[in-house]
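User: Please take a close look at one helix and its surroundings. I would like a connected account of what lies around this part.

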Amino acid sequence: MKLALCQIDPIIGDIEYNKNKILKGYKEGIKSGADLVIFPELSLVGYPPLDLVEKKEFRLSVDKAAKEIAAQTNSVGLIFGSITEDDDRIGTDVHNSALLCYDGKIQFTQHKTLIPNYDVFDEMRYFDPSKEVLVHEFKGEKLGISICEDIWNDADYWYRRRYTRDPIQELIKQKTSLLINISASPYSYGKRPARKDMLSTLCRTDNLPLAYTCCVGAQTDLIFDGASMCFDKNGRLVKVGKTFDEDFILFDTNQNYEEIINCESTFEEEVYKALVYGLKEYCEKLNFKKVLVGLSGGIDSALVTCIAVEALGAENVHVLLMPSKYSSEGSVTHSEKLIRNLRISSDNISIQPVVDETILQLNPTLKNIKGLTEENIQARIRGLYLMAYSNNEGHLLLTTGNKSEMAVGYATLYGDMAGGLAVIADVYKTDVNKIANYINREREIIPKEIIKKAPSAELRPNQTDQDTLPPYDLLDRILRMYLEENKEYNEIKEIIGDEQVVKIVLRMVDMNEYKRKQAAPALRVSSKAFGYGRRYPIVQGWRK
């Protein structure tokens with residue numbers, strides 16, 4: 001069978017836009033001679049639609065659009081993801097479904113069976129699971145259609161499975177001849193090779209070809225990398241879609257192809273591309289034309305600025321330099337060098353007069369303002385400058401804090417945390433340096449002085465981050481174990497060998513949850529990012 005995989009970038013809730021994109025891809029599939037044209041999970045509504053699903057008017061609009069799409073089909077089959085309803089009065093009565101259309105009608109519907117409820121997935125809130133899994137005969141093939149999570153429960157691959165039911169095996173028992181999985185699988189570095197290995201094992205073990213169609217795009221914090229995959233019955237990967245871009249892939253199950261071995265590049269290249277793509281998508285879908293960055297002279301704001309230029313073009317990026325009496329001369333001159341290298345526009349406005357006047361006005365009430373209070377006043381005045389510019393010029397303000405800082409609360413609410421999108425808040429400080437060096441791989445874009453400079457907020461004389469924090473290589477090691485590997489104090493201290501440092505770091509993480517709850521959405525590139533996928537109580541007594 002000749003299949004056309006349409007790796008598209010839908011917009012959540014824009015039903016008309018998504019409908020037209022599906023019809024366009026279907027027509028392209030017909031022209032290419034495909035027997036069956038396949039689109040990703042929930043491609044008609046966008047993934048994840050969240051509480052839009054609970055609106056009756058929204059569901060009715062989706063149903064109408066699905067029927068309009070089906071009405072335009074001929075003998076060439078079309079599979080796309082949508083929401084459907086039943087009326088058994090148990091659960092939500094709403095399903096995450098794959099619709100198979102041909103000859104002007106929706107001919108077959110397969111609901112999703114395994115409903116994920118972990119990390120960023122909260123589908124049990126909205127969808128009921130399928131009661132049955134069936135094959136559908138079409139043009140001489142027995143199609144085994146599944147949706148995303150349905151295929152992630154193979155007993156031959158997973159040591160520990162999440163579910164007792166295996167819908168793929170149910171299809172195999174019904175003598176399916178072709179596996180089709182439509183998916184919306186969020187990106188994190190390292191997930192693509194794992195996906196390849198799992199799907200390869202499944203196809204090789206059961207001697208079946210597979211068309212795995214994944215969406216692409218970014219929906220707020222979630223990035224979808226595309227990279228749709230086709231496997232032959234021997235489990236060899238023979239087709240891979242583009243990463244971080246739409247694609248149209250033809251796969252003939254009767255044709256021999258060369259095997260594709262590698263499906264992921266280096267950490268630095270992958271994550272940089274993902275962040276650029278995530279920012280570009282956020283701006284395009286929310287109609288932001290220009291962005292604003294507070295350029296401090298440090299590596300974090302330099303990296304965010306480079307990502308912004310790559311995503312939107314130099315003409316659409318503006319930076320503010322906001323020195324104080326504590327700013328080093330290099331912070332300004334190195335920033336100016338970066339500005340010249342990137343050919344972006346800038347303004348330099350001192351915060352010191354406003355800081356001095358603020359302290360003067362507060363003095364009758366607050367005596368001897370110093371220390372953390374004075375430092376936060378500086379950060380918040382910078383936030384005031386940035387938000388004023390953002391409001392006046394209509395620029396999207398990007399925050400520049402990294403994951404290490406956000407983890408331990410080394411950031412100021414209503415100060416450097418002000419902004420609409422946290423571009424690198426899922427990138428550890430040590431990885432920020434790696435990506436900066438990747439950007440400089442051919443020529444110096446980020447001045448080497450910025451990369452080599454000791455990290456500092458420059459809110460007091462001779463300040464460095466390590467006045468308050470452990471060295472970043474040690475800090476990041478602890479954070480990875482705590483956040484992504486879910487280890488706790490006793491296990492981490494045995495590995496690190498310094499009980500006091502571990503205790504301090506874990507307490508800093510837990511005590512600063514209230515800050516992260518008020519932070520801008522962070523582009524997700526790891527397996528455990530701050531935000532929707534990590535739900536930790538602000539008020540708790542586990543760690544005091």
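**Helix 15 and its surroundings**

Analyst: Helix 15 (residues 499-511) packs through its buried residues against helix 10 (403-408), helix 13 (472-484), helix 14 (489-496) and helix 16 (513-516), with contact taken as heavy atoms within 4.5 Å. The model is predicted, so local features need pLDDT of at least 70 and side-chain atom pairs pLDDT 80 or more, while totals for chains, interfaces and linings use all residues. Numbering starts from 1 along each chain as its sequence is written, and side-chain values use heavy atoms, without hydrogens or water.

The buried residues of helix 15 are V501, V502, V505, L506, M508, V509 and D510 (under 20% relative accessible area, 1.4 Å probe, protein chains only). Its 13 residues reach 18 Å from first C-alpha to last, close to the 18 Å expected at 1.5 Å a residue (1.5 Å times one less than the number of residues).

Helix 13, one of these partners, gives the most to the lining of the second largest pocket, namely three residues. Helix 4 also supplies at least two lining residues. Of the 33 residues that line this pocket, Y118, D119, R162, S527 and K528 lie nearest its centre.

Technical notes: Helix = DSSP H or I, 4+ residues; strand = E, 2+ residues; numbered from the N terminus. Buried < 20%, exposed > 50% of the residue type's maximum accessible area, 1.4 Å probe, protein only. 1 Å grid on protein atoms, 1.4 Å probe; cavity = no way out; pocket = protein on both sides within 12 Å on 5 of 7 lines; lining within 4 Å.
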